[in-house]
Amino acid sequence: MERESLDVDVLIVGGGPAGLAAAIRIAQLQSERGGEPLSIAVLEKAREPGAHILSGAVLDPSSLGELLPDFVERGAPLAAEVRRDSVYFLTSRRRLRFPVTPPPLRNHGHYIVSLSRLVRWLTGQAEAAGVDVFAGFAGAELLFDGNRVVGVRTGDRGVGRHGEHKPAFEPGVDVRAPVTLLCDGVRGNLTKQLLARLPLEGRLPQVYALGFKELWDLPAGRVGAGTVVHTLGYPLRPEEFGGGFIYALPDNRIALGLVVGLDYRDPHFDPHAAFQRLKQHPMVAGLIEGGQLVKYGAKALPEGGWYTIPTPYADGVLIAGDAGGFLNSLRLKGIHLAIKTGMLAGETAFEAVRAGDASAGRLAAYRQRLDESTVRRELYPVRNVHQAFASGLATGLAYAGVALLTRGWWFRDPWPGEAGHERLVKRADYYGSDPPPEDASANAVKPDRLTTFDRLTNVHYSGTRHEEDQPSHLIVHDTDICRTRCIREYGNPCTRYCPAQVYEMVDDGQGGKRLQINASNCVHCRTCDIMDPYQIVDWVPPEGGGGPQYEGM
Amino acid sequence: MILVVAEQRDGAINKASLEAVVAAQQVGDAVKAVLLGGDLEPAAAELARARVEAVLTVSDPALAAYTADGHVIALEQVIAAESPELVILPHTYQTRDFAPALATRLGRPIVTDCVGLGRQGSTVTFTRPMFQGKVLADVVIEADPPWLATVQVGAFKAEALEQGSSPVPIVPVKVEIADGAIRQRPEAPFREARQAVDLTRADRIVAVGRGIKGEEHLEIARGLASALGAELAASRPICDNGWLPMDRQIGSSGQTVAPKLYVALGISGAIQHVVGMKGAKVIVAVNKDPEAPIFEISDYGIVGDLFDVVPAIIKELSA
Amino acid sequence: MQIAVCIKQVVTREAQLRIDKGHAWIRDQDASYEMNEPDAYALEEALGLRERHGGDVVACSAGPARVGQLLREALARGADRAIHVEGDELGRADALTVAGALAGPLRSAGVDLVLTGLQSDDQGFGQVGVILAELLGLPYATIIMDVEVSDGSVRVKRELENGWFQWVTLPLPALLTIQSGINQLRYATLKGIMAAKKKEIRKVAPPARPETRQRITGLRVPERAKQTHFLEGTPAAAAQELVRRLREDARVLTED
């Protein structure tokens, strides 16, 4: 079968807030300034817009208001206005409320939203403006002409698990465009390809966190819609970065979650178990008792801040949203930055296409726009915060306080940072002579299947579905390392950090263990690609359409 | 009066038709059965032993081979003559082929695939599964009688058929079938080797999980399946390993089944598997772990090593 | 050949179903929808027949506004045009109502063949196709595994119970209900999706609801009233007790 080819004016990879904001912005400029109508194509790997995206989330509506000033009239799905904001420090049994909510965590004027619903709605807005959104198409490979990005090749469809072509086989399509916007999210696979090929990396390596989220339906009257709670402390130790959140939605539904830094030291630490422990804390347990789990999901977040952001352009290409690391980890907000950077990338792309020049020189205007915008004004002052937390909770909080006053100035600028997976300590070094068994979790919890669950049950609640008969999309380049080195050195941490039980070490029938990959459980969080201590795991998109079903998330 | 449309092939009544009579007997006292075809004597005689008022036989050359049109034309006339309150049919492939057309010709809705019938005074409530068995719906028909319904095969127990004290009258009925009225021209049915096993039609299933430990141990499960007259199936990991083909997989990414008997060997009961089999009538689980979730949904549980328990069961079955 | 395919939009199979407050339907806010699987095979069969015999494929569906998305998908896979009988309640109406809604536009469409899936994955009535045939006055056959078109007639392979099959010949125009697995589903291509935007979706108002209908009075998730009997003792003792119970209490060891 011949490979199809499609030419468009602007190609956007990723139908999330960044990609859709870019598309809408271009369509708006097109409409304002007239001229030859531009074909704008968005590739989205989920079968349906919004299916693969999730976030807490509390939305700062400023950039949405810039993009679509009448977003309320247009029916933007804003679940609840934030009414009450509080921060607690938790110990294993108790909670201590912060007397004052720290300014970055103040959410007055913000909205609790379902990002998945918001993206569904934004997709409708984009399509109404004439944008082509192709759902179920994953961007598999960047197309280059020399070092210029000329488009994207989508993934093949109809390939069997041993690589054979099934009757419905179709090769991926080459979508070519003068300018491609990479909005493929945290640790985006195409952005990763670009950064591997061109010298665009930021000053510091990117650092990530893994966010878990569940939606719960509760008995009536437990908590009022619009309540926002953030927690620090338990179940995380001072050496572990992160915190919990509870956002109250209408109709007695809550979003409940835990964000865990993917730079922890203990190789036997189990982030999923930590999330279960959060739910066992009296404050949370009392809240969800008698409730019903509706949905589960997990995804990584880019937390490194300003210095980890790569050069967001090159010949023929721009990077926006989480793919570029545009997230404010102090405010715990990235959606408004995704929208804003998407808009700025869109404006830059529009001009480049109209000028017939999408070279790096022309696209550098994007960086200038970023520097002159709220993006820099917001992210630059907190540029060292996340790196400060790497020295511990107390240091991080102290620095964050100082940074607010000094607008980020510090003696060491940038505060040095390293990649999260490099901070993982070997078992022998962390535990000395008496490490736990290789397959043990340091913080294991026995699930009660009422409020706490095992991973497999959770995956069921993520609605994840993949075509079963396809090759594994988790590419582990040398599985011998898993069973000979990693098992001793780190105890196969992938079996603990994957929120979906994709990785298991099973008996190989010869007295040892081998890696088993349950690819179809994958919720596309990217943690394995990020955290593998040997960096031999590549997450690539599975056959288009497959993945979680994050309705309402 | 409740009219049951029974089905026969080559002189034998199928079990599903007897189940339909049972369903009728549960909601009414006056039941009649009707048979259509060519030579109906042996089948009619079998039905006549049940506790019904009469067995109507509609014998006509045009009905010798089943056609949708033939059945609709004939039954429309029978129903007009008999004026039943309720018409019950077994939800077989044949019934599905003509019953909705019959109902439409009578200007009525038909409630298909019922697993329960209930009478409250002059109303009948029909209970049927929806969303692939995940939900049960109670339905009423908003129309004057006759009400039409089909009953799910296996939902009613043929063993519960009330027998009559003596055979009831077999009444031949004449119908008018105009020349050319039957538009279908059927050929003789034939059997074909099935390409893939269809677990959804198995009455009994023996399923294996991780507890079986190795491909070489599948024999023990096959032995039990054979002794029970059951199909062999598996949970996900077994098929992922290639020990059994994917069409034997039960669960959210495989088949959903509701057999009479489901024996789960060495299966923990992860929700992905359970959603595929919890509709089974009787569930037996054998597992070493007393806290395995499978026991929560089982009728009978044996906590033990399946390598000891299964041979013991096979031995007991052949005794 | 003019071929019409009736397709239904149903909640995805993975959906966690919860009953709504009125106990008359499921909670479907946020629900994800997909094309009913047997209907997808019916559509594919129609496209295959068009490839072999030439002609035109029109995709039809009855339901609320969201059904437009489903019809776009059918157009993207290759249908030439679509008909949307739009009505809020049609997504959960009974088979007689739905068939009545589809019959209207199909009556005047001059089709040679109407294909539907054998039943829907949500309500599972398995009736719409046959009722539609009756309303349109078409000969029909159900649960079809193979279709051979000749001049003025069609010969089709019906699936029967237990591995039995039967070929039946019908004059055209006719209606067939299609069994899953009859063919290989094709993907909707990028070009197909783009072309779909230019294809016609004709909106039609539904007729008045029929006087006679079915009504759901209650909906519930079946709970197993489960009392697990643990059989104790040695393997031999437990096995003996189990077989006795299966034979005498549960009565699942009897032959068909």
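Predicted model: local features only at pLDDT ≥ 70, side-chain atom pairs only at ≥ 80, totals over all residues.

User: At what angle do helix α4 of chain B and helix α4 of chain C pack?

Analyst: Helix α4 (residues 93-105) of chain B packs against helix α4 (residues 128-136) of chain C at about 45°, and their axes are 8 Å apart. The two helices are therefore oblique to each other. As for handedness, α4(B) crosses α4(C) in the right-handed sense.

User: Which residues of α4(B) and α4(C) meet?

Analyst: From α4(B) you have B:Arg96, B:Asp97, B:Pro100, B:Ala101, B:Thr104 and B:Arg105, and they meet C:Val130, C:Ile131, C:Glu134 and C:Leu135 of α4(C). Sorted by class, that contact has five nonpolar, one polar and four charged residues.

User: How do helix α8 of chain B and helix α6 of chain C pack?

Analyst: Read this pair the same way. Helix α8 (residues 306-318) of chain B and helix α6 (residues 235-249) of chain C have axes 8 Å apart, at an angle of about 50°. That makes α8(B) oblique to α6(C). Their crossing is right-handed. On the chain B side, the contact includes B:Val309, B:Ile313 and B:Leu317, and on the chain C side the residues include C:Ala239, C:Val243 and C:Arg247.

User: What is the angle between α5 and α8 within chain B?

Analyst: The axes of helix α5 (residues 218-228) of chain B and α8(B) cross at roughly 25° and come within 10 Å. Angles under 35 degrees count as roughly parallel, so that is how α5(B) lies relative to α8(B). Here α5(B) passes α8(B) in a left-handed crossing. Among the residues that meet are B:Ile220, B:Leu224 and B:Leu228 of α5(B), with B:Phe307, B:Ile314 and B:Leu317 of α8(B) among their partners. This contact has eleven nonpolar, one polar and no charged residues.

User: How many helices and strands are there in chain B?

Analyst: Chain B has eight helices and 19 strands. Of its 319 residues, 58% are buried.

User: Which peptide bonds are cis?

Analyst: Two cases to look at. The bond from A:Tyr234 to A:Pro235 is cis, with omega near 10°, and A:Pro235 sits in the loop between β17 (227-233) and β18 (242-249) of chain A. The bond from B:Pro145 to B:Pro146 is also cis, with omega near 10°. B:Pro146 lies in the loop between β10 (135-142) and β11 (147-151) of chain B.

User: Last one: is C:Ile143 buried or exposed?

Analyst: C:Ile143 counts as buried, with 2% relative accessibility. Its phi is near 55°, a positive value in a residue other than glycine, and C:Ile143 belongs to strand β7 (residues 140-150) of chain C. A:Asn252 has phi near 55° too, but A:Asn252 counts as partly exposed at 28% and lies in the loop between β18 and β19 (253-261) of chain A.

Notes: Residues numbered from 1 in each chain as written. Chains lettered and ligands numbered in written order. Heavy atoms only, no water. Axes fitted to C-alpha atoms, helices over the stretch in contact; angles between N-to-C directions. Helix = DSSP H or I, 4+ residues; strand = E, 2+ residues; numbered from the N terminus. Parallel < 35°, antiparallel > 145°, perpendicular 65-115°, else oblique. Left-handed = near helix turned anticlockwise from the far one by under 90°. Contact = heavy atoms within 4.5 Å. Nonpolar A, V, L, I, M, F, W, Y, C, P; charged D, E, K, R; others polar. Buried < 20%, exposed > 50% of the residue type's maximum accessible area, 1.4 Å probe, protein only.
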